[in-house]
Amino acid sequence: MQTLLFDLKDTKRPPKEIDDLIQAAARVLREGGLLGIPTETVYGLGANGLNPEAVRKIFAAKGRPQDNPLILHVPGPQWLTRYCREVPPIAYELARRFWPGPLTMILKRNPIVPDETTAGLDTVGVRCPNHPVTLNIIREAGIPVAAPSANLSGRPSCTTAEDVLEDMDGKIDGVVDGGPCAVGVESTILDLTVTPPRLLRPGGLPLEELENIVGHIDVDQAVTSPLKKGEQPKAPGMKYRHYAPKAPVTVVTGAPRKTAQEILHLLKPTSGVICFDEFEGLFTGHEVHPLGPSTDKAIQAQRVFDALRTFDGSPVSEIFAQCPDRRGLGLAVGNRLKKAAGFQVVDVDDENVLIGITGGTGAGKSCALRAIASLGGKVLDCDQVYRELLRDDESFRNAIAAAFGSVFLPDGELNSRKLGQEVFGNTAKLAKLDAIVFRFVRPELNRRMETEPSRLYALDAINLIEADLDQICDRTVAVTAPVELRVRRIMARDGIDEQYARMRISAQKPDDFYREKCDCVLENSADSPEAFQQEARNYFEKLIDKIKEEKQHGGDE
Ligand code: TXA
Ligand code: MG
């Protein structure tokens, strides 16, 4: 088969010529042919998505596994109801904001979409690509275009028409050259058939931008970690080793300066390197493909596939790659690198961040803790540690008994009422108790952090300050809220009356205490727990970055 080239990258051609080419390209699709099409993300391999035979040809040309569904490309949201049913309002809202653009939405499919396109699933992925040439071709053809990325299955995606020809010349009817892809990584895939919505693949539209509109989004595990044996990802395509050059890839994550040093350390004479532009000079003598400045993730996204692809033809024995952090487009760039590496990852950023969270009842401490957990943090519940120590640690019990006498019941349980009476209103005694707690709880917290290593911890402690636990935190954050809001929240949460709610609040430290003693204050006047959790997540993300930056500088001096 001869593969025709439709050269549409030069927008200054006479309109008539452009028109003729668009019509010819649309004809290829209408007649059941295969056409390489430019999009803003990566090149697609398009066919009539309603024509089973045409769709089967896509799988044959790519060597794509049959169980991997295709995305339908449409010219706008007005086509959604043709191919999807029960379209939720949020889908239209997202389409209004982000289409045309790098967002694929998974929705329930209409029976008109053939099994060949959806690989038999009851759902279908739909997206409106942001490329004028391709939008015109789709409109002209009048059909939804099923298109996977135009690479041979398993290879890095194509970001130029030349890449497409490299993989597909002679196998498809034509390629439309619309210039290099502006975004460079595939679309973000969001499953809207589940609650909360689920990110199946990070891509050209950052997760944060989606969360600003829809609130919390679950991130599918397949995005950040390798699948366990027998585990099925929600996006079938995420299970295949992907984007892979022939040489094995190792991804190094962490602060850029540290990862560069680590790669220098790991490097053999025959190794190749994918690094941020600033570090290129470190690796002279090696084959190096720069990914872009460490601070510019948009450029990294544009270059990541090209870097992986270029290594394919070279004789390097292995490839080491620096990896951006997860924020913004970094999640997508890192995901593509890690998939190319089969999740072979070396992490050099061994420093962890410990945030102490405190605040009165009803202010929103649990939401803040959930926000940290959603960022991959482990929550250490100091109250629970305290209770477990009381139960299990003889020397802790002895220390308390030595200071406060017989505050234990005959069965060995702490008589917390009695202990409470002892220390309540007596500052000296309270300080004594806090000192004992600190002496025992602190090493226990350290032990738990060692046995459950994590990059991020939250210390959940109402008495964070009183027990001096703020000393081991990188930052202490007080969660506060207007009293009237707290009253209403506690009443609703615990089913108690107003008077009792007010009493519970007044028995605690006033917000001013926290404001004065804590490093930061996170004020919660959000309408719902979900909204506050989202706010808190954004807040902590920034705070963590700041802490990390400081730590790094501290280490350099
Ligand atoms: O940017 C893009 O999305 C590019 C351009 C050409 O539009 N297309 C693309 O298609 O990346 P492809 O086939 O290479 O990747 C589509 C991914 C696969 O991982 C597939 O398993 C998943 O989307 N997918 C498609 N339909 C799905 C569905 N109904 N449910 C879950 N995952 C689906
Ligand atoms: Mg693909």
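**Before starting**

This is a predicted model, in which local features need pLDDT of at least 70 and side-chain atom pairs count only at pLDDT 80 or more, while totals for chains, interfaces and linings use all residues. Residues are numbered from 1 along each chain as its sequence is written, chains are lettered from A and ligands numbered from 1 in the order in which they are written, and side-chain values use heavy atoms, leaving out hydrogens and water.

**The whole protein**

Display the C-alpha trace of the protein, which spans about 95 × 60 × 45 Å along its principal axes. A cartoon view shows 20 helices and 22 strands; helices (H or I, at least four residues) and strands (E, at least two) are DSSP runs, numbered from the N terminus. Of the 557 residues, 53% are buried; buried means under 20% relative accessible area, exposed over 50%, and partly exposed in between (1.4 Å probe, protein chains only). The protein exposes about 25,000 Å², of which carbon and sulfur atoms supply 51%. Such areas come from the Shrake-Rupley method with a 1.4 Å probe, and for residues only the protein chains shown count as cover.

**Ligand 1**

Select ligand 1 next, together with the 29 residues around it; a residue belongs to this group if one of its heavy atoms lies within 4 Å of the ligand. Which residues come nearest? They are Thr41, Asn68, His73, Ser187 and Gly237.

Polar contacts (pairs of N or O atoms within 3.5 Å; within protein, one must be able to donate a hydrogen and the other to accept it, and residues adjacent in sequence count only if both atoms are side-chain atoms) can then be drawn. A polar side-chain atom of Asn68 lies 2.6 Å from an oxygen atom of ligand 1, and an N or O atom in the side chain of Thr41 lies 2.7 Å from an oxygen atom of the ligand. At Pro236, a polar backbone atom is 3.4 Å from a ligand oxygen atom. Taken alone, ligand 1 exposes 680 Å², and the protein buries 97% of that.

Strands S4 (71-73), S7 (123-127) and S11 (198-201) each give two or more residues to the shell. Strand S7 gives the most, with four residues.

**The largest nonpolar core**

Now select Leu94, Trp99, Leu103 and Met105, which have the most contacts inside the largest nonpolar core, a set of 55 residues. A nonpolar core is a set of buried Ala, Val, Leu, Ile, Met, Phe, Trp, Tyr and Cys residues joined through side-chain atoms within 4.5 Å. Helix H2 (residues 52-62) supplies the largest share of this core, five residues. Apart from it lies another core, of 37 residues, among them Val183, Ala321, Ala332 and Val348.

Centre the view on Trp99, whose contacts beyond its neighbours within four places in sequence include Val74, Leu80 and Val126; contact means heavy atoms within 4.5 Å. The peptide bond from Trp99 to Pro100 is cis, with omega near -10°. Is Gly101 buried or exposed? Gly101 has 0% relative accessibility and so counts as buried. The C-alpha atom of Gly101 is separated by 7.4 Å from that of Glu40, 61 residues apart along the chain.

**Helix H6**

Select helix H6 (residues 132-141), where the buried residues are Val133, Thr134, Leu135, Ile137, Ile138 and Ala141. These residues pack against helix H1 (15-30) and strands S2 (35-37), S4, S8 (145-146) and S9 (174-177). Just after H6, Gly142 takes a positive phi of about 70°.

**Backbone features to close**

Most residues other than glycine have a negative phi, and most peptide bonds are trans. Against that background, select Ala119, which has a positive phi of about 55° and lies in the loop between helix H5 (115-118) and strand S7. Phe343, in the loop between helix H11 (330-340) and strand S17 (345-347), has a phi near 60°. Phe343 is buried, with a relative accessible area of 18%. A cis peptide bond, with omega about -10°, joins Thr195 and Pro196.

A polar contact of 2.9 Å joins the side chains of Thr361 and Arg493.
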